[in-house]
Amino acid sequence: MHRNEVLLAGRLSMEPAHRELPSGALLTQWRLAVRRPASRSARQRSDAIECVTLDDGVRDMLAGWRLDDLVEVEGALRRRWWRGGSRYEIEVRTARRVEAAAPRGRPRRRTRQADDGTATEADQAGDTGGEVADAPAPDEACSGGAEPADETISQWRRSA
């Protein structure tokens with residue numbers, strides 16, 4: 001049995017962008033930063049994963065998403081070809097926001113815990129002794145490479 005199912009949870013690192021294809025279909029693209037499991041030897045701690053949809057229902061699910069929102073998507077891995085290259089991306093069939101990003105200007109903070117698992121008094125008073133980011137740094141994520149030309153996107157649709 002063959003299966004192509006992908007489930008990702010990560011931070012939105014590129015807001016959804018819409019583009020009309022020569023066929024008239026509306027393609028929506030966005031990017032998720034997904035952490036890798038902790039490893040002492042691995043230098044790269046996260047991956048930037050391109051997501052796309054042609055589905056109006058999925059596009060409606062993306063409404064209101066902002067950078068750094070924690071989101072979950074389900075879909076299938078696809079390889080899109082164009083003159084001079086190719087790219088793997090997730091063709092999304094369902095998406096949801098799990099947690100909204102912290103308001104801009106206020107960095108996201110984690111709470112330190114005492115030995116018994118409760119927040120320390122300093123944390124409850126708002127003194128965390130430094131900020132700890134929840135999202136992977138953008139420069140740690142791999143880049144998506146060159147963008148395909150619009151006229152070759154129809155090749156991707158035929159192969160999908």
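Read along the sequence, this protein follows the pattern β-β-β-α-β-β-α-α, giving it three helices and five strands. Helices (H or I, at least four residues) and strands (E, at least two) are DSSP runs, numbered from the N terminus. Before we go on, please note that this is a predicted model, in which local features need pLDDT of at least 70, side-chain atom pairs count only at pLDDT 80 or more, and totals for chains, interfaces and linings use all residues. Residues are numbered from 1 along each chain as its sequence is written, and side-chain values use heavy atoms, with hydrogens and water left out.

Let's start with the strands. Five of them close into a barrel in the order β1-β2-β3-β5-β4, with mixed pairing; two strands pair if DSSP finds at least two bridges between them. From one strand to the next the twist averages 45°, where axes are lines fitted to C-alpha atoms (for helices over the stretch in contact) and angles run from 0 to 180 degrees between N-to-C directions. As a reminder, strands of a sheet pair through backbone hydrogen bonds, either parallel or antiparallel.

Now walk around the barrel. Strand β1 (residues 6-20) pairs with strand β2 (residues 26-35) in the antiparallel sense over seven bridges, and here E20 stands opposite L26 in β2. On another side, β1 runs antiparallel to β4 and is joined to it by six bridges; L7, for instance, has E74 in β4 as its bridge partner. β4 in turn pairs with strand β5 (residues 85-99), again in the antiparallel sense, over 13 bridges, with W81 opposite S86 in β5. β4 and β5 form a hairpin with two residues between them, and G84 in the turn has a positive phi of about 95°.

At 34% relative accessibility, L26 counts as partly exposed, because buried means under 20% relative accessible area, exposed over 50% and partly exposed in between (1.4 Å probe, protein chains only). Leaving aside its neighbours within four places in sequence, L26 is in contact (heavy atoms within 4.5 Å) with H18, R19, E20, T53, L54 and R59. One of these, T53, is 27 residues away in sequence, and the two C-alpha atoms are 8.5 Å apart.

A search of the whole structure finds one aromatic pair: W30 and W65 are edge-to-face, 6.2 Å centre to centre with 90° between the planes. Rings of Phe, Tyr and Trp (its six-membered ring) pair if their centres lie within 6.5 Å; planes under 30 degrees apart count as stacked, over 60 as edge-to-face and the rest as tilted. W30 lies in strand β2 and W65 in the loop between α1 (56-61) and β4 (70-82), so the pair ties together parts that are 35 residues apart in sequence. W30 counts as buried at 0% relative accessibility, and W65 counts as buried at 7%. Beyond neighbours within four places in sequence, the contacts of W65 include L12, E15, V71 and V73.

Finally, the protein as a whole: buried residues make up 29% of its 160 residues.
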